[in-house]
Amino acid sequence: MQPPSDAGLLRRLRAAGDDYLCGADLGDPAQVAARVQVLREAGYGIEEHPHFGYRLLSSPGRLVADDILSRLPPSRWLRDILVFERTGSTNDVAGNLGRQGVAEGLAVFAEEQTAGRGRLGRTWQSSAGEGLWFSLLVRPAWPPALWTRLTLWAAWALAQGIERATGAEPALKWPNDLYLGGRKLAGILVESNPGQGNPFAVAGIGLNVNQESFPAPLSDRATSLRIETGAPVERNGLAAAVLEAVDRTCPGLPGNFPEMLHWARERDFLREKWVTLSAGSSTQEGAAMGLDEDGALLLRLADGQLQRVTSGEVTGIAPAAP
Ligand code: BTN
């Protein structure tokens with residue numbers, strides 16, 4: 001019998017709960033003992049009983065690729081998970097691998113990013129061990145004009161994973177943020193390379209998970225799952241829930257756009273709010289009237305004109321028209 005992989009061993013140990021897992025059922029005892037030792041060195045507390053076998057007592061508080069894998073059903077899209085202790089930006093790691101021709105279906109996580117970036121050249125605070133900072137390598141086989149839909153897809157999959165893991169129901173702040181309790185919980189940065197050759201896109205996701213507070217001036221506008229739910233969140237389980245949604249929905253792209261649009265319209269944070277929209281050097285104000293069938297924001301300007309907005313950033317939000 002083949003010894004189980006580390007992910008397989010973790011899956012079985014977790015499924016056994018408080019019960020012991022008989023070593024002989026797992027394969028060659030020496031090989032199983034070696035795998036157990038590897039997991040212990042990775043920070044897992046695994047008890048060994050001379051008669052009953054092995055029992056999982058504790059898990060490390062950090063991200064472990066095999067742990068995430070051990071919680072996932074058989075995959076359709078996902079091929080590999082990488083976890084870095086520290087890197088500049090996971091978008092750069094995934095982008096470099098994309099340029100080298102690595103197949104799609106890759107998720108790159110980092111416990112800490114030293115040069116995490118957001119939209120419009122901003123810095124993304126990616127403190128060690130407190131969030132999920134990760135990037136997905138995608139190679140869409142559809143027309144470049146539709147690649148903009150990747151941002152909505154990433155938001156949709158992320159929201160499904162968050163809801164499954166924590167019960168929280170974030171809203172979409174068009175075009176690329178998730179909000180909870182009126183503040184920003186997550187941001188998405190899609191960087192694409194749809195040119196010749198072997199085109200790819202990188203969907204970078206920054207999700208605030210276990211921060212207990214944020215320094216000013218972020219404190220007014222940022223939040224975390226821990227702040228909103230009142231409890232720390234186990235990040236390997238959360239990452240697996242998000243990747244399960246990614247894995248389930250990515251193969252359906254772009255045909256499942258109506259489904260994600262339905263979600264986006266139901267969870268539209270901006271709807272019926274008075275917003276300021278910045279696009280390049282111009283700003284406009286108006287009432288957000290929802291999303292059209294292509295996912296563009298509809299803005300009712302002060303003069304009554306309905307404007308269709310395909311890109312930009314909402315910088316000011318007030319409850320209703322002044
Ligand atoms: C934004 O709200 O402006 C988008 C933030 C995106 C942050 C994520 S964290 C993982 C990935 N790596 C990066 O450098 N950025 C994205």
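The lining of the largest pocket draws at least two residues from each of α4 (90-99), β5, β7, β8 (183-193), β9 and β14 (313-318); helices (H or I, at least four residues) and strands (E, at least two) are DSSP runs, numbered from the N terminus. The structure is a predicted model, in which local features need pLDDT of at least 70 and side-chain atom pairs count only at pLDDT 80 or more, while totals for chains, interfaces and linings use all residues. Residues are numbered from 1 along each chain as its sequence is written, and side-chain values use heavy atoms, with hydrogens and water left out.

A pocket here is an open set of points on a 1 Å grid over the protein atoms alone, where a 1.4 Å probe fits and protein lies on both sides within 12 Å along at least five of seven lines; lining residues have an atom within 4 Å of a point. The largest pocket holds about 930 Å³ of space, the volume being that filled by probe spheres set on the points, with grid points joined across faces, edges and corners. Its lining comprises 44 residues, and those nearest the centre are Arg 122, Trp 124, Lys 184, Leu 218 and Arg 221. Sorted by class, this lining has 13 nonpolar, 21 polar and ten charged residues, where Ala, Val, Leu, Ile, Met, Phe, Trp, Tyr, Cys and Pro count as nonpolar, Asp, Glu, Lys and Arg as charged, and the others, Gly among them, as polar.

Thr 148, Arg 149, Thr 151, Pro 175 and Thr 310 are the closest to its centre among 26 lining residues. Both α5 (149-166) and β8 contribute at least two residues to this lining, which contains 14 nonpolar, eight polar and four charged residues.

Pro 175 also features in the backbone geometry: the peptide bond from Trp 174 to Pro 175 is cis, with omega near 0 degrees, and Pro 175 sits in the loop between β6 (171-173) and β7 (177-180). A cis peptide bond, again with omega near 0 degrees, leads from Ala 216 to Pro 217. Pro 217 belongs to the loop between β9 (200-208) and α6 (225-229).

Turning to phi, Leu 120 has a positive value of about 55 degrees although it is not a glycine. Leu 120 lies in the loop between β4 (106-113) and β5 (131-138) and is exposed, at 62% relative accessibility (exposed means over 50% relative accessible area, with a 1.4 Å probe and protein chains only). Glu 272, likewise not a glycine, has a positive phi near 65 degrees. Glu 272 is located in the loop between α8 (257-266) and β10 (274-279), and its relative accessible area of 56% makes it exposed.

Technical notes:
Buried < 20%, exposed > 50% of the residue type's maximum accessible area, 1.4 Å probe, protein only.
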